[in-house]
Protein chains: 2
Amino acid sequence: MSRYEALGVNVRKPGIERFKGAIENLYPGAFCVVQRDPADPEVGLVTHTDSAGTKPIQAYIGYRETGDASWFRGLAQDALAMNLNDIMCVGADPVTFVDYVAFNTLQIDRVALLGALADGFLGCLDTMKEEGISFMFAGGETADLPDLLRTLDICVTMVGRVRLADVITGERIEPGDLIVGLRSGGGARYERGINSGIMSNGHTLARATLMSPLYVERYPEVSHPSRGRYTGRFMFDDYLDELASTVGEALLSPTRLYAPVAREALRRAGPGVHGMAHNTGGGQTKCLRLGSGVAYVKDNLPEPDPVFRLVQREGGVEWREMYQDFNMGVGFEFIVHPDSVEDVVSAAESFGVGAAVIGRCERSGDSNSLIVSTPMGDFLYT
Amino acid sequence: MSRYEALGVNVRKPGIERFKGAIENLYPGAFCVVQRDPADPEVGLVTHTDSAGTKPIQAYIGYRETGDASWFRGLAQDALAMNLNDIMCVGADPVTFVDYVAFNTLQIDRVALLGALADGFLGCLDTMKEEGISFMFAGGETADLPDLLRTLDICVTMVGRVRLADVITGERIEPGDLIVGLRSGGGARYERGINSGIMSNGHTLARATLMSPLYVERYPEVSHPSRGRYTGRFMFDDYLDELASTVGEALLSPTRLYAPVAREALRRAGPGVHGMAHNTGGGQTKCLRLGSGVAYVKDNLPEPDPVFRLVQREGGVEWREMYQDFNMGVGFEFIVHPDSVEDVVSAAESFGVGAAVIGRCERSGDSNSLIVSTPMGDFLYT
């Protein structure tokens, strides 16, 4: 059992097969479900939902320690990014989104929380609009659930649309294609500050590994009572030179919105883009869901950002697991024809986002496979 | 402070104003947000999200007491109904939906839970299809969040579509209109078994009032540790003659899917339907969001179903609060021109759903108001 499974998180999600049989999905090898629009047979609808995971718990610690609800603000971007980045992977344009905020009203000030989240969502809408990515906000639901939520959960559902002729189905991924990885850390031109690269996955493990058990004593609601104990040696506001920030800031760094980069890369590379992956749950193994019969080989991954090295070292987490639980510095990937590498890299760099070839595609058997080859070892995932 | 507020639930939702300012909404007096489809200026998109509230906790008690995950099955219908019924209120047709299931993986068997929910969603899709209401399932997200969720949360987001010329905006509601109420209890032709009428709101209060504190001792995760204590005298499987069922069965009775009735009523009554309301959070006061300058007078409400009388009596809850926290037997309302009453009533009765005129509309000042006039007292809500 992995460290993460011991904490109650299984990144492979057994049990979802029953659901999958009921889904109408035009392209099983695509990154997201695409459905034919009943009103226009040439158009696909992409309806996608995902949450910020347990990252809100980290924000809650910041809120309780400082009394400042602005720690919640970045969660809006996290939940939005988990959806906007995903639907971009099939070439869809965003149309509108709703949020769902379920929280423990007895321990979080409602008006302060909702104000911070509204600021976060509005900031994202403005930033994306400035970059030419316009979509609407359709409201959503705030649910008072103190009996259900220990702290809070932030979920977004996004509706996108794509012409079926333009869907990036993953079916065109072939041996010889190259994988261009985009950095999750650093700073994009349209972002404020430097991103740690952590994004919104792996937080249950990162928090348990880094945060002091003092927080569970102070705020028992920050973990499951019998597991999820914190074993770390850091306080929220400990500044670490290796992070160039506090631990809390590094863990709450908001997930990059890759939409402007993805759109520009598609504009430059056109049909040379055969697939895109947003490295959320499953980390570096996310590409396994793209295409069929592909052996992904990633042998030129960058040095993981400091936050990942810190989690690995402090928790003694196996490197094999690290690459499955975290994006490890590469948050978004393009699978492209070799002729299109320069288009994608230059598009990313025009936004200040680091990009490089991190691997290639080879022929596999029936099912997809992935080899991650690093100085810390070679790891096979199927 | 109401009983419900003491449990951490505020049905008036302060703090959402910040969000409201960011929402693009064509008809502020309509039941749901309707947005212009960027691809077709004559079409409105309705993107709606809501959860089954804390009803999943009751299902969890059944699951833990019996080991049978089928107690979770009805929650799929609850979460779906909270969205499908809502979007019908503006005249929209459902297109597709996603679900979001966040749960405590350490205390709920993943495969059993997801199997029960998949059965529930598939059953609803089939039943609605038989009744001529077809829509797709677009998948969704299952999130392993043992640090966040004490038990489980089930949320659905539904996408609907309506021609803007056909939107039921609420603006045509006028003095003299009558309110036709549809029963939440009893049995519709397309349902199995008899519905208690409880739907998916008020469960935090109902559970605390009816369920024995023994359950909190056995399963501390079924409530907030410092509040939400159960003060009831019933066990989950206590059979009560007045309910004609066990307490657990009554509380887990799934929310009626009103879509077939609503569509048939619209077909018969056409433009005579000026408004529709689904009585979820806020109970009988839900109509306050419809139209402007309307004084709603409900002076012919039916005798509340037994489950509501039980909660009131056992908890000593004020009747004024009961009508604000629960649907009290009327789950869905049509605001109609008097000439259309018979069309709506006959449409409902053709499905075996009880319907009757429960009140009328009078002129109000600037803002809407509601008087609920019952043998237990007259209650004003603004």
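Biologist: Which strands and which helix do the buried residues of H12(B) pack against?
Modeller: This is a predicted model. Helix H12 of chain B covers residues 341-350, and its buried residues are Val341(B), Val344(B), Val345(B), Ser346(B), Ala347(B) and Ala348(B). Buried here means under 20% relative accessible area. In chain B, these residues pack against strands S6 (178-183), S9 (273-278), S11 (330-336) and S12 (355-363), and against helix H9 (259-269).

Biologist: Which residue just after H12(B) takes a positive phi?
Modeller: Helix H12(B) runs over residues 341-350. Just after H12(B), a positive phi of about 80° is found at Gly352(B).

Biologist: What covers the buried residues of H9(A)?
Modeller: Take helix H9 of chain A, residues 259-269. Its buried residues are Ala259(A), Pro260(A), Val261(A), Ala262(A), Glu264(A), Ala265(A) and Ala269(A). Their cover in chain A includes strands S6, S9 (273-278) and S11, along with helices H4 (73-88), H5 (110-130) and H12 (341-350).

Biologist: What is the phi of the residue that follows H9(A)?
Modeller: The residue after H9(A) is Gly270(A). Its phi is positive, near 50°.

Biologist: How many bridges join S6(A) to S11(A)?
Modeller: Strand S6(A) spans residues 178-183 and strand S11(A) spans residues 330-336.

Biologist: In S12(A), which residue is the bridge partner of Leu182(A)?
Modeller: Strand S6(A) also pairs with strand S12(A), residues 355-363. These two run antiparallel and share 5 bridges. For Leu182(A), the partner in S12(A) is Ala355(A).

Biologist: Why does the radius of gyration of chain A agree with a compact globule?
Modeller: Start from the length: chain A has 382 residues. A compact globule with 382 residues would have a radius near 21 Å, so chain A agrees with its value of 20 Å.

Biologist: How much of chain A counts as buried?
Modeller: First, the overall span: the C-alpha trace extends about 55 × 50 × 45 Å along its principal axes. The chain holds 12 helices and 14 strands. Of its 382 residues, the buried share is 66%.

Biologist: What part of the accessible surface of chain A belongs to carbon and sulfur atoms?
Modeller: The accessible surface of chain A is about 12,900 Å². The carbon and sulfur part is 48%.

Biologist: How far apart are the mean positions of the positive and negative charges of chain A?
Modeller: Count the charges: 35 are positive and 50 are negative. Their mean positions are apart by 2 Å.

Terms used: Residues numbered from 1 in each chain as written. Chains lettered and ligands numbered in written order. Predicted model: local features only at pLDDT ≥ 70, side-chain atom pairs only at ≥ 80, totals over all residues. Heavy atoms only, no water. Pairing = 2+ DSSP bridges. Helix = DSSP H or I, 4+ residues; strand = E, 2+ residues; numbered from the N terminus. Rg over C-alpha atoms; globule rule 2.2 N^0.38 Å. Buried < 20%, exposed > 50% of the residue type's maximum accessible area, 1.4 Å probe, protein only. Areas by Shrake-Rupley, 256 points an atom, 1.4 Å probe, with all protein chains shown as cover. Lys, Arg positive; Asp, Glu negative; His and termini not counted. Charge placed at Lys NZ, Arg CZ, Asp CG, Glu CD. Contact = heavy atoms within 4.5 Å.
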